[in-house]
Structures are given as structure tokens and as C-alpha cells.
Amino acid sequence: MGVFRHPPAGREGKAFRDIPLAECTKANTRMKNLGGLIEAKKRGEQGPERHHNPYLDEAVGLGEVLVTQEELLARFPDRLFSGDPRPKLIEIGCYLGKNVVEFAQLNPHIDVLGIDITYKRVVKSARKINTLGLGNARIGICDARVLVEHAAPASFGGVCVFFPDPWPKKRHVKNRLLAQEFLDTLRTRIAPGGFFWFKTDSLRYFEDVMECIAEGGWSVSPADEVPHELTPSPYVTMFEQMFLSRGEPVYRRVFRPTEGARIEDAPKI
Ligand SMILES: C[S@@+](CC[C@H](N)C(=O)[O-])C[C@H]1O[C@@H](n2cnc3c(N)ncnc32)[C@H](O)[C@@H]1O
């Protein structure tokens, strides 16, 4: 795994760009088996008592709507949804699924995939999709780093990362999702003409992401531009609503790959 470039002058200590990706993904050790308990239950196996999780039975019952990391990697992009292949919108860190549900309802011409890493959140998200009978929405219990690493080039029509955990303490910065190597890989997974829509309340995180983006291969929207492809646009997320109602600033940009993916006919939204 490569090592990130040096931090900008003037910053003390080890900045996130210095940290090898392998060290950034300690959480992956835990994540490798993401959804493993669901898979064991589907096979009729009993999980260890200490892993008792009140959401497990419901997770299994949600069938195709809620997929494990392993299922997602095997089926994405063309075998995850039924019907003809269509553009894919991915929300990384979908929380309780509000954005996934609303984008799927209002954009019936696309498929919407939300991923998150906690059982409770993915079950609650998938429950909403199931109740509404939305055929163009799926939830994966999956680490974004794993999906992005394994996804085929140009297989994402659009990607949303709204209010990722900011890890404000310097010693925790290595846990952030959005860093140079992740963004470089993400760029190649987005179809030509597709987008990466980012929002955060953390100025420091925003500035660090802008520095990574400035390394090249992306175009950057003006401050309040939103992806014109989606309805509704503009769109206010649950967390965004919370920050705005407190009068706190929200930093947003739409990035579009200018190089990376080169599959001319890849589906875009
Ligand atoms: C603050 S919440 C997102 C809020 C929501 N997007 C919104 O705008 O209303 C951040 C979410 O990211 C999830 N998350 C953290 N690391 C992740 C990872 N590596 N892959 C996928 N989801 C992750 C967390 O579990 C959490 O639900």
C-alpha cells in the first residue's frame, strides 16, 4: 500500500496524508466479517451468545433488500437489483436510510444503494425500503473502503458522502474515511460524467478533502452547486437540517472526475 504525500507545511505532527492506508483501516479487521452473522443465520447456524444482536433476525428476514458485504461484493453492480442495468447512486454512511429512500422514490430511473457499518442502522434503513416496496433501493452492511476497493471501474453513477464522522482529534485523524488514497480510488470508480457529492460541518475535514482533490483528476463545483441529475436538488439531509437549524455552517461541494475512469459507455445518472 502506498504512503500518502507529505502534509502541507506548517502543520505539526503526523498529518493524515503521512499515514499508510493499512494503518488507516484498522477498523477493517472488524469489518472483514461485516454481515457474517447474517450469513451464518441464513445458513441456519447459531451465532455465539456474546454476539446476540436484537436486529439480526430482522436483518435475515429483509432478504434481498439488505445485503451483507460479501453478497454486495459478489453482486455489485449488475446483480444487485433486478431488471436491466441502470445508473447506480451510492450513499456511503446512509445512517437511518432517509436519503436513500427519498432519492429512490424521487428518481425511479436510477438504482440507489446505501451502505453503513452498523446492524441497527442498516436494518432500520432496509425496513423503510421494504415497507415502501421500493424496488430500486438496497442497503448493504459494508465498509465503504472495501466496496470502493473492490468495485469495477466506472461502476458508480454518483456517490454521496454526507457528514462522515469527522474524527476531530489529531490522533484520530487516521480513522477518517476521506483521505488521498481513498479519493484517488473512488475517482476511478465513478463513471465519466458522474459525481461525488460531499457535505460536512467540519471545516478542518473540508479543507483536508479540498487539498486531496486539488492533487488532480477532479473538477470542483462552485460552493452551492448541487448535482443537477438528481431530484430533489438541492437536497437537505437529516444531519444537515440539524446543523442548519443550530445556525452552524455546512460545507458542500460536487466533485466530478476529469480523469480516471475511461469506460465511454458506462451508465451515468
Ligand atoms: C453522521 S452519519 C451520516 C449522516 C447522514 N449521511 C446524513 O447526512 O443525514 C455517518 C455514518 O457513516 C457511517 N460510517 C462510518 N464509517 C463508515 C464506513 N467505513 N463505511 C460505511 N459507513 C460508515 C456511520 O456508521 C454513520 O452512520
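I started with strand 2 and checked which way its side chains face. K88, I90 and I92 point one way, L89 and E91 point the other way, and all are buried. I note that this is a predicted model.

I then looked at strand 2 as a whole, residues 88-92. The strand is mostly covered, with 5 of its 5 residues buried.

Next I looked up the pairing partners. Which strands does strand 2 pair with? I found strand 3, running parallel to strand 2 and joined to it by 5 bridges. I also found strand 5, residues 156-162, which is parallel to strand 2 and joined to it by 4 bridges.

I followed I92 across both pairings. In strand 3, I92 stands opposite I115. In strand 5, the bridge partner of I92 is V161.

Then I turned to the ligand. I counted 20 residues around the ligand. Which of them come nearest? They are G93, A144, F162, T237 and M238.

I sorted the shell by residue class. It holds 11 nonpolar, 6 charged and 3 polar residues.

Last, I asked which elements supply the shell. Strand 3 (111-116), helix 8 (144-150) and helix 11 (238-245) each give at least two residues. Helix 11 has the largest share, 3 residues.

Conventions:
Residues are numbered from 1 along each chain as its sequence is written. This is a predicted model: local features need pLDDT of at least 70, side-chain atom pairs count only at pLDDT 80 or more; totals for chains, interfaces and linings use all residues. A residue is near a molecule or strand if its C-beta atom, placed from the backbone, lies within 6 Å of it. Ala, Val, Leu, Ile, Met, Phe, Trp, Tyr, Cys and Pro count as nonpolar, Asp, Glu, Lys and Arg as charged, and the others, Gly among them, as polar. A residue is buried if 20 or more other C-beta atoms lie within 10 Å of its own, exposed if 12 or fewer, and partly exposed in between; C-beta atoms are placed from the backbone. Two strands pair if DSSP finds at least two bridges between them.
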